[in-house]
Amino acid sequence: MNKKLVVFCLISAFAFTVQSSYAVSRHTKKNRNYQNPKSGRVVLTPQPANNLSTIAYNLNKTDINFAVQHGEKPLILIGNANLSSTKKPQTVLFTQLQSASLCGSGGCTTTAYLNRNNHWVKILDSVTGNIEIKKTSHKGMHDLIVEGSDVWIWNKTTYVETQQGPNLNELKKSIHKYQKNRPK
């Protein structure tokens with residue numbers, strides 16, 4: 001084998017190891033060094049056994065057990081970000097479970113949790129698609145965009161969807177009219 005190629009491979013392997021070690025250490029130092037984008041995509045990755053993966057496992061234990069009962073070993077993806085638009089950090093933990101029994105035709109869902117007084121609280125439940133952090137914010141937390149166009153805003157307790165559902169009044173009137181006038 002060419003000596004230059006061997007040296008290149010060794011240097012590349014070392015660089016990858018250093019980068020991987022840095023990524024793991026970011027999550028093991030008492031969870032203080034989270035991703036901190038002011039905007040951009042939330043990155044979900046499998047994590048080695050560390051504090052974040054343990055927390056994610058415990059928060060999703062019911063769903064994990066469901067998948068295991070179906071003979072699956074779900075993959076747990078984790079991401080985190082400081083979503084605060086103020087000086088007080090508000091780190092959110094994003095989790096996604098991937099397995100045949102837990103993912104549907106729209107893909108796998110992502111759930112987000114916020115640590116309040118040493119207790120993890122669900123603040124975004126089961127959304128499907130990529131999650132991006134917007135520069136805009138409401139009530140102290142950055143807005144989120146799910147799958148490119150679905151905007152979610154903070155209401156001081158949880159993230160709420162801003163898209164309005166269809167007006168069902170006209171549909172209900174149409175159904176009642178049909179039922180009233182249908183041939184018997």
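Reader: What share of the contacts in the chain with a separation of 6 or more comes from residues 24 or more positions apart?

Author: First, a heads-up: this is a predicted model, where local features need pLDDT of at least 70, side-chain atom pairs count only at pLDDT 80 or more, and totals for chains, interfaces and linings use all residues. Residues are numbered from 1 along each chain as its sequence is written, and side-chain values use heavy atoms, with hydrogens and water left out. A contact means heavy atoms within 4.5 Å. Among contacts with a separation of 6 or more, the share from residues 24 or more positions apart is 43%.

Reader: How many helices and strands does the chain have?

Author: Helices (H or I, at least four residues) and strands (E, at least two) are DSSP runs, numbered from the N terminus. Reading from that end, the elements go α-β-β-α-α-β-β-β-β-β-β-β-β-α. The count is 4 helices and 10 strands.

Reader: Which residue of β10 stands opposite Trp152?

Author: Start one step back in the sheet: β8 and β9 pair in the antiparallel sense over 3 bridges, and Leu144 is the residue opposite Trp152 there. Strand β9 (residues 150-154) is also joined to β10 by 3 bridges, again antiparallel. On that side, the residue across from Trp152 is Glu161.

Reader: How many of the residues in strand β8 are buried?

Author: Buried means under 20% relative accessible area, exposed means over 50%, and partly exposed is in between (1.4 Å probe, protein chains only). For the chain, buried residues make up 32% of the 184 residues. Strand β8 (residues 141-146) is mostly covered, with the buried count at 6 of 6.

Reader: Which residue takes a positive phi in the hairpin of β7 and β8?

Author: Most residues other than glycine have a negative phi, and most peptide bonds are trans. Strand β7 (residues 131-138) is joined to β8 by 5 bridges, with Glu132 opposite Ile145. The hairpin has 2 residues between the strands, and the residue with a positive phi near 50° is Lys139.

Reader: What about the next hairpin: which residue has a positive phi between β8 and β9?

Author: This hairpin has 3 residues between the strands. The phi in question is near 55°, and it belongs to Glu147.

Reader: Is Asn117 buried or exposed?

Author: Asn117 sits in the loop between β5 (109-116) and β6. Its phi is near 50°, positive even though it isn't a glycine. With a relative accessible area of 78%, Asn117 is exposed.

Reader: Which residue's side chain makes a polar contact with the side chain of Asp125?

Author: A polar contact is a pair of N or O atoms within 3.5 Å; within protein, one must be able to donate a hydrogen and the other to accept it, and residues adjacent in sequence count only if both atoms are side-chain atoms. Asp125 is in strand β6 (residues 119-128) and is partly exposed at 45% relative accessibility. Its side chain has a polar contact of 3.0 Å, and the partner is Ser126.

Reader: Then what is the phi of Ser126?

Author: Ser126 is also in strand β6. It counts as partly exposed because its relative accessibility is 39%. Ser126 is not a glycine, yet its phi is positive, at about 50°.

Terms used. Two strands pair if DSSP finds at least two bridges between them.
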